[in-house]
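Trainee: I would like to learn how words such as pocket, cavity and salt bridge get attached to a protein model. Could you go through one with me?

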Amino acid sequence: MTSHISSATDEHPTPRVDSEVGPLRTVLLHRPGLELKRLTPRNNDQLLFDGIPWVGRAQEEHDAFAAVLRSRGVEVLLLADLLMTALDDQRARSAGIYASVDERRLGIDLADSLRSHLSTVGQEELANVLMAGMTFEELPAAEGASLVRHMHRPHDFVIDPLPNLLFTRDSSAWVADRVAVSSLVMPARRRESSITDLIYAYHPRFAKTSRAYGAHSAPLEGGDVLLLAPGVMAIGVGERTTPAGAESFARSVFMDGLAHTVLAVPIAQERATMHLDTVCTMVDVDAVVMYPAIRDTLSAYSLRPDGSGGVLVDGPAPFLSAAAEAMGIERLRVIDTGLDSVTAEREQWDDGNNTLAVAPGVVIAYERNVETNARLEEAGVEVLRISGSELGSGRGGPRCMSCPVLRDPLN
Ligand SMILES: NC(=O)NCCC[C@H](N)C(=O)O
């Protein structure tokens with residue numbers, strides 16, 4: 001007799017992403033919520049925002065982004081919904097609580113009582129605390145009548161908020177049928193991967209998913225990972241992903257047979273170029289939109305498996321030729337951000353390079369990058385414009401705000 005165990009995964013195609021531009025079917029977004037309301041002029045730098053977003057407008061802009069995706073047949077998964085479902089599992093609750101309560105900050109007594117308190121709250125409240133954090137004044141009165149409580153101010157955080165959850169790109173990335181949970185480098189973002197980790201571990205839809213990387217490995221962020229073509233990846237190495245992160249990720253994808261070439265691409269260690277996708281994203285199978293100031297200087301080390309578990313390193317060589325060679329194409333077309341160097345600098349800062357492809361030659365881009373979008377259209381790329389005046393205050397565009405979970409293969 002055959003038995004069939006029904007699960008949510010049976011209803012959905014297996015997640016898989018082999019390229020940057022294959023027709024997008026399913027994507028993970030995070031609709032900004034209460035965590036953005038925690039931003040103040042005193043903490044926004046530390047929390048990696050360049051201003052204080054108007055939250056209601058940011059939500060409207062994000063809803064419009066999701067609507068454009070849906071209008072192109074893309075299924076939109078929202079991180080808060082996935083988190084709430086995952087928290088049905090007691091193990092997920094414990095993992096979330098464990099990751100969010102910091103004994104070094106709170107001391108043993110308050111940490112213990114906070115953990116006990118959080119283990120009694122409902123799913124929705126716990127999900128909100130994990131995303132938006134908690135202040136001392138929000139602690140229930142009975143919790144932690146300790147020195148720590150007496151000596152902190154009411155608005156200090158017991159648990160830090162995670163406003164950068166908005167940028168789902170960075171805390172995980174799919175490579176073929178595996179998910180890499182990132183190891184985020186900035187203190188303000190480190191806990192994000194505990195949330196993606198528990199979603200992929202305990203949400204029924206991802207029950208059969210294998211891992212390509214782990215949150216406790218060397219620093220690697222999804223914004224630095226570009227799937228140039230099936231089997232060919234570029235990894236930015238700069239402010240976020242470290243040389244050790246790129247090397248151990250390459251080793252891991254080679255061992256799993258997910259890639260034959262990884263290009264490690266040095267980028268300036270600056271906020272404006274925090275990830276590779278802030279200066280270069282793919283808009284077609286053979287084309288990128290790129291910041292012209294780095295076009296001729298961007299280089300790459302080529303990493304390949306040595307056949308016995310090690311990694312061979314070649315280079316550095318110019319990025320564009322190394323990429324074309326690894327991809328097996330004659331040339332990688334480049335569309336520049338802006339027309340002159342000042343416009344290019346402005347539009348790079350405003351995420352003009354940070355496009356999200358929904359199919360080959362069709363991208364979502366911020367409408368404010370007028371010249372870059374015009375150049376994309378001149379090159380034959382269809383541009384679906386969204387407004388990002390508030391969303392952009394966290395310094396991230398459509399690619400940063402999306403984690404593709406399923407793309408159709410390229411022909
Ligand atoms: N891939 C990306 O470039 N993501 C944008 C992340 C912005 C966020 N405020 C950060 O500084 O990490």
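Mentor: Here we take the terms one at a time and set each against its rule. Keep in mind that this is a predicted model.

Trainee: What makes the contact between Arg38 and Glu138 a salt bridge?

Mentor: The rule asks for a side-chain nitrogen of Lys or Arg within 4 Å of a carboxyl oxygen of Asp or Glu. The N to O distance for Arg38 and Glu138 is 3.0 Å.

Trainee: Which domains does the chain have, and how many salt bridges are counted between them?

Mentor: The domain assignment gives domain 1 (24-80 + 163-407) and domain 2 (82-159). Their C-alpha centres lie 31 Å apart. Between domain 1 and domain 2 the count is one salt bridge.

Trainee: How do you know that domain 1 and domain 2 are in contact?

Mentor: Contact means heavy atoms within 4.5 Å. By that test, 20 residues of domain 1 are in contact with 23 residues of domain 2. The area buried between the two domains is about 1,800 Å², with 69% of it from carbon and sulfur atoms. On the domain 1 side, Arg38, Arg191 and Tyr202 lose the most area to domain 2, together 38% of what that side buries.

Trainee: Where does the largest pocket lie, and how do you know?

Mentor: Look at who supplies the lining. Both domain 1 and domain 2 give residues to the lining of the largest pocket, so this pocket lies between them. Its volume is about 1,300 Å³. The lining has 40 residues, and those nearest the centre are Asp102, Arg105, Asp160, Pro187 and Arg191. Helix H8 (192-202) is one of the elements that supply at least two lining residues; H8 has the largest share, with five.

Trainee: What makes a residue count as part of a lining?

Mentor: A lining residue has an atom within 4 Å of a grid point of the pocket or cavity. For the largest pocket, the residues divide into 17 nonpolar, 12 polar and 11 charged.

Trainee: Why is the second largest pocket also placed between the domains?

Mentor: The reasoning runs along the lining again: domain 1 and domain 2 both contribute residues, so the second largest pocket lies between them. This pocket has a volume of about 290 Å³. Of its 18 lining residues, Arg31, Gly33, Ala80, Asn128 and Met131 are the closest to its centre. Helix H5 (123-132) is among the elements giving at least two residues, and H5 gives the most, with five.

Trainee: Why is a space called a cavity and not a pocket?

Mentor: In a cavity a 1.4 Å probe fits but cannot get out, whereas a pocket is an open set of points. Four cavities of 30 Å³ or more are counted here. About 100 Å³ of space lies in the largest cavity. Its lining has 13 residues, with Glu20, Arg169, Ala173, Trp174 and Leu227 nearest its centre.

Trainee: Which strand gives the largest share of that cavity's lining?

Mentor: Strand E19 does, with three residues. By class, the lining of the largest cavity has seven nonpolar, two polar and four charged residues.

Trainee: And how much space lies in the second largest cavity?

Mentor: About 70 Å³. Its lining includes Leu48, Phe167, Arg240 and Cys400.

Definitions and conventions:
Residues are numbered from 1 along each chain as its sequence is written. This is a predicted model: local features need pLDDT of at least 70, side-chain atom pairs count only at pLDDT 80 or more; totals for chains, interfaces and linings use all residues. Side-chain values use heavy atoms; hydrogens and water are left out. On a 1 Å grid over the protein atoms alone, a cavity is a set of points where a 1.4 Å probe fits but cannot get out, and a pocket is an open set with protein on both sides within 12 Å along at least five of seven lines; lining residues have an atom within 4 Å of a point. Grid points are joined across faces, edges and corners, and a volume is the space filled by probe spheres set on the points. Helices (H or I, at least four residues) and strands (E, at least two) are DSSP runs, numbered from the N terminus. Ala, Val, Leu, Ile, Met, Phe, Trp, Tyr, Cys and Pro count as nonpolar, Asp, Glu, Lys and Arg as charged, and the others, Gly among them, as polar. Domain bounds come from an automatic or database domain assignment. Buried area is the accessible area (1.4 Å probe) that two parts lose on being put together, summed over both.
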